[in-house]
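The entries follow in the order in which I made them.

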Amino acid sequence: ALTARKLLKSLSGSYWIDGHELSISASIGIALHPLGSQVAADVLKQADTAMYRAKHAGRNDLHFFAPAMQVSIDQRLQLQNELRQAMQRGQMHLVFQPQLELACGRVAGVEVLVRWQHPEHGEIMPGQFIALAEETGLIQDLGNWVLEQACDALARWLPSWPQLVVAVNLSPRELRQVGCVERISACLQRHRLPANALELEITEGVLLEDVDQCIANMQALRALGVHFAIDDFGTGYSSLTYLKRLPLDRLKIDRSFTQDMAGDSNGLMLVQTILVIARNLGLQCIAEGIESHTQLEILRQHGCSLGQGYYFSRPLAEAEFLEWMKAHRLWASDVIDPVQL
Ligand code: C2E
Ligand code: MG
Ligand code: MG
């Protein structure tokens, strides 16, 4: 550790090269030997793992390898292999969450969310495997499967709810893919769905990479009639200029803002700001994560047009969702408050 600290110290600082001041720092990983049944390659791998820990912890530091780190790497590798098989083995399913017009309570759309029913670990939420699927490229197959199932479901529901729009989360990795436009439009045609029955939700943060390819594909899909929403709006780094370049219909206010509105924090001010940005850009707003009547009232007062959240309904399996829709239709025309149901 002492040697490593000396190395860090001697490396850090800035250098003048060609008139530019360049700063460098280092991250150091250290593995001990002998440790367990290590062979030479293990020592290097372990040092590498420890170095990534140092980087994650903010860089310019050193980190020792600990066997617990290997456990989390092994778990991740195992999950990755299992994810590969999960789709073929029918372990994935979809749940549906209604999106409502806040003024009248009409159901405008339904967001599709994927779940993984793992034979040993039970239900795994997307937060635990979407990033992994993106890193490994499995997101293409997963995304195809989700879209196919979502369109299939909507085609079944449209006769009863002709105005319903299905909102599917699309990974920016899928959006950048060559052939993405053809794939989506072929899926719509296969299920005889009008393109304006589909909305694609794209998370703000990751959209920024390779923007031009994303925009080109978005424009082509938009020309067909597909709608676009920016998901988790306010948590990424979109500049306003860049927002104007995207063919968008909606901003989805991230649930952290919705949940921060009551009380004296800055939450309400941020929500108001997002509503103004949306209005000036000619976009609709949908608030996610509405959990209470107070939140609903505040959002309505400030002119947020749409919303979704546990207050109306949790994401539900298809049969339960259809039950919810039938029950909701009975009272949506005059009341919106589920408490009065
Ligand atoms: P998201 O698209 O922002 O989805 C909203 C998340 O908030 C969902 O979590 C939903 O279950 C949860 N939620 C809804 N209402 C409430 C509420 O009132 N309170 C709270 N606390 N939470 C609420 P979930 O299903 O775990 O999904 C997490 C994220 O995973 C999604 O965030 C989306 O980015 C991603 N994801 C889900 N399904 C897919 C998919 O099929 N494809 C891709 N690419 N990403 C997906
Ligand atoms: Mg979403
Ligand atoms: Mg979101």
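Which residues is Ala31 in contact with, leaving aside its neighbours within four places in sequence? I found Val43, Gln46, Ala47 and Phe65, where contact means heavy atoms within 4.5 Å.

Before going on I noted the basis: this is a predicted model, in which local features need pLDDT of at least 70 and side-chain atom pairs count only at pLDDT 80 or more, while totals for chains, interfaces and linings use all residues. Residues are numbered from 1 along each chain as its sequence is written, chains are lettered from A and ligands numbered from 1 in the order in which they are written, and side-chain values use heavy atoms, with hydrogens and water left out.

**Entry: Ala31 and its loop**

I placed Ala31 in the loop between strand S3 (28-30) and helix H2 (40-56). Helices (H or I, at least four residues) and strands (E, at least two) are DSSP runs, numbered from the N terminus. I also looked up Glu123, 92 residues from Ala31 along the chain, and the two C-alpha atoms are separated by 36 Å. Pro34 is found in the loop between S3 and H2 as well. A cis peptide bond joins His33 to Pro34, with omega at about 0°. I noted beside this that most peptide bonds are trans.

**Entry: magnesium**

Which residues coordinate the magnesium ion (ligand 2)? I listed Glu111 (OE), Asn169 (OD1), Glu201 (OE) and Asp231 (OD), at 2.0 to 2.2 Å. Donors are N, O and S atoms within 2.8 Å of the metal (3.2 Å for Na, K and Ca); water is not among the atoms, so sites may look incomplete. In sequence the donor residues are spaced E-x57-N-x31-E-x29-D. Two of them link distant parts of the chain: Asn169 is in strand S8 (residues 165-169) and Glu201 is in strand S9 (residues 198-203), 32 residues apart.

I then checked their cover. Asn169 is partly exposed at 29% relative accessibility, whereas Glu201 is buried at 1%. Buried means under 20% relative accessible area, exposed over 50%, and partly exposed in between (1.4 Å probe, protein chains only). The magnesium ion (ligand 3) is 4.4 Å from the magnesium ion (ligand 2), and Asp231 coordinates both.

**Entry: nonpolar patch**

I looked up a nonpolar surface patch of about 500 Å², made by Leu7, Leu11, Tyr15, Ile17, Leu22 and Ile24. Patches are made of residues with over 30% relative accessible area and no salt bridge, with like charges joined within 9 Å and nonpolar side chains (Val, Leu, Ile, Met, Phe, Trp, Tyr) within 5 Å. A salt bridge is a side-chain nitrogen of Lys or Arg within 4 Å of a carboxyl oxygen of Asp or Glu. Areas come from the Shrake-Rupley method with a 1.4 Å probe; for residues, only the protein chains shown count as cover. Helix H1 (2-11), strand S1 (13-17) and strand S2 (20-24) each supply at least two patch residues. Leu7, in helix H1, is partly exposed at 44%.

**Entry: positive phi**

Asp18 has a positive phi, near 50°. Asp18 lies in the loop between S1 and S2 and is exposed at 74%. Arg192, also not a glycine, has a positive phi of about 50°; its loop runs between helix H7 (180-190) and S9, and Arg192 is exposed at 76%.

**Entry: Thr258**

Is Thr258 buried or exposed? Thr258, in helix H11 (residues 255-258), is buried, with a relative accessible area of 0%. Not counting residues up to four places away in sequence, I found Thr258 touching Ile253, Ala287, Glu288, Gly289, Ile290, Gln295 and Leu299.
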